[in-house]
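Let us walk through this structure one residue and one contact at a time. Keep the sequence and the model side by side as you read.

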Amino acid sequence: MKTNKKYTFPLRFNFKTLSKALLFGALTIGTVSCEDDLMLEPENNITQTSFYTTELQIQQALSGVYSAMINSSSRGGYDVNFYLLASEVRSNNFTALSQNGNRDYYAINRFQDTSSTEEMEILWEDAYQQINYANNILARIDEVPFASNTVKEQYRSETKFLRAYAYFELMRCFGKVPLVQKPVSPEEAVTIPRTDLATLYTFITSEIEASIGGLKAIHDNANKGRITKSAAHAMLGRIYLTGSGFPLNNTSYVAKAKDHLSTVILGEGQFVTFAPNYADLFKSVNDNKYHIFEIQHIGGGLSQGSYLPSYVSPNFGSADPFFNAQSSLYTANELGVSQSLINSYEPGDLRYPLTIRTSFIATNGQPDNSNFFVKFREKGIALSNRYDWPINFPIIRYADVILMYAEILNSQGNTSQAVPHLNRIRQRAGLAPLPTSMSAADFTTALRKERRVEFAGEGVYWHDLVRWNTGVAVINQAAAQLNYNFTITTNDYLYQIPLSQIQVAGYEQNP
């Protein structure tokens, strides 16, 4: 990816109005393929040696680490790249209906992606951009005078969290990846080998564990969206639970996951809030109210909006309630919600109409029967362009914490204690509670189904299939039912390392 963008410093540290920050010297591993791409001339001639020298500059640089998740590439931010295209589309929640040569979703959905698939390059570069932005701060923050050491440790802790989080997403997509913990030159970058999973897990968990002490428990309204202690505990719960499953299968991680998830739950009412209605979770007016960790978006033509709703919506006609003149990118004939996902909803599930529609009014004024997501689409929103949606994207929700905790309780033989947690999610969805006398096996089936519909469209389900190691069976069954001419193995849980990285650094390819 060419690094010829122009960047400016944000004037304020406001997480609903983040601006791109130029972190000089922040070399991403993905940019070492062309020497010309490594030289960024800042517009105001601030150099690496003169920046990172004041508290304000560290604050600005930290906003750049956060904003790396928003719209890093021409295809949007982490919500589109990591959670939609590389995760949700990979699962059987989506069906790629026709092939558009300009888009990677068809190849990803049909397991035809290769090391030359552009989306893989985007994932790699975007994550390493965030990592190296963080590395620049961590390498220099000790030398910078702060009025308050507490604030300095808070900034350091947020930076460490965000770096570890980026590594986690890279690991889930590519497995072994290079572990870069400091700013490096292009020559150094290409000598850093891929690091084994056990070492990576140790690094990212220890980094987030160490960050908890410096993080704030809660932020005022002006700083909502920044990392909190609850976000760190929730993310550690997810990371440890992921590491306890396939392929690492470190069963010692289960107890650690349980401890962190329990800490989040104990903070309900003070540090985290359970939304009483599912519909409330996906409204921009409720951004930073119910989710624990979110990608921050704001509309208004500031290049801070979300691309995601336009990736999953058809071209509505003006008579359709969801019509917006600037809102559609793909047609429903290219990428659709699978019938398998639709069938997984129980009758009367309140989440279904808030998540999926199966028809719309087309531009010719006639109804079109197609399946698509509406979860992140808001009626009546005025957009400057189709990439300008204001609603935040949840990276981890409180419901996920509750269901992960219930999953662990059941795995430890405490099914009767796990059922009330699952029922809490079901009852919010308008569904009848399950009996506490149900078997552990039946609970597992119910929980996995619940996770699929609760988090549909959020990039959770595919990673669940991988850690449960049920992905091979689920995808192969779905492919057979749809007469797709492919089968997968566990090798297909990981994406291919981008070809550019193989060529430049000589990494071994995933099998």
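Start with Asp 400, which is buried, at a relative accessible area of 1%. Here buried means under 20% relative accessible area, exposed means over 50%, and partly exposed lies in between (1.4 Å probe, protein chains only). This is a predicted model, in which local features need pLDDT of at least 70 and side-chain atom pairs count only at pLDDT 80 or more, while totals for chains, interfaces and linings use all residues. Residues are numbered from 1 along each chain as its sequence is written, and side-chain values use heavy atoms, with hydrogens and water left out.

What does Asp 400 meet in a salt bridge? The partner is the side chain of Arg 238, at 2.6 Å from N to O. A salt bridge is a side-chain nitrogen of Lys or Arg within 4 Å of a carboxyl oxygen of Asp or Glu. Side chains of opposite charge can pair when their charged atoms come close. Arg 238 also counts as buried, at 6% relative accessibility. The pair links distant parts of the chain: Asp 400 sits in helix α13 (residues 398-411), Arg 238 in helix α8 (residues 229-244), and 162 residues separate them. Helices (H or I, at least four residues) and strands (E, at least two) are DSSP runs, numbered from the N terminus.

Arg 238 leads on to Arg 172, as the two are in contact. Contact means heavy atoms within 4.5 Å. Arg 172 belongs to helix α5 (residues 149-174). It is buried, with a relative accessible area of 13%. Leaving aside neighbours within four places in sequence, Arg 172 also contacts Tyr 83, Thr 242, His 463, Tyr 493 and Leu 494.

Now turn to other charged pairs. The whole structure has 26 salt bridges. One of them joins Glu 454 and Arg 351, with the closest N and O atoms 2.7 Å apart. Glu 454 lies in helix α15 (residues 440-454) and Arg 351 in helix α12 (residues 351-355), so the pair ties together parts that are 103 residues apart in sequence. Both Glu 454 and Arg 351 are buried. They belong to one network, joined by salt bridges that share partners; its members include Glu 346, Asp 349, Lys 375 and Arg 397.

Glu 508 and Arg 194 form a further salt bridge, with 3.6 Å between the closest N and O atoms. Glu 508 is in the segment after α18 (499-505), Arg 194 is in strand β3 (residues 194-195), and the two are 314 residues apart. Glu 508 is partly exposed, at 39%.

Next comes the nonpolar interior. In soluble globular proteins, nonpolar side chains tend to be buried together. A nonpolar core is a set of buried Ala, Val, Leu, Ile, Met, Phe, Trp, Tyr and Cys residues joined through side-chain atoms within 4.5 Å. The largest one here has 129 residues, and Tyr 167, Phe 174, Met 235 and Phe 293 have the most contacts inside it. Helix α5 gives the largest share of this core, 12 residues. Phe 293 touches Met 235, Phe 161, Ile 227 and Phe 393, among others, not counting residues up to four places away in sequence. Another core, of 11 residues, lies apart from the largest one and includes Leu 465, Ile 475, Tyr 484 and Tyr 493.

The backbone has a few points to check. A cis peptide bond joins Phe 246 and Pro 247, with omega about 5 degrees. Pro 247 is in the loop between α8 and α9 (253-266). Tyr 52 is a residue other than glycine with a positive phi, near 60 degrees. Tyr 52 lies in the segment before α1 (55-67) and is buried, at 3% relative accessible area. Asn 288 also has a positive phi, near 65 degrees. Asn 288 is in the loop between α9 and β4 (291-295) and counts as buried, at 16% relative accessibility.
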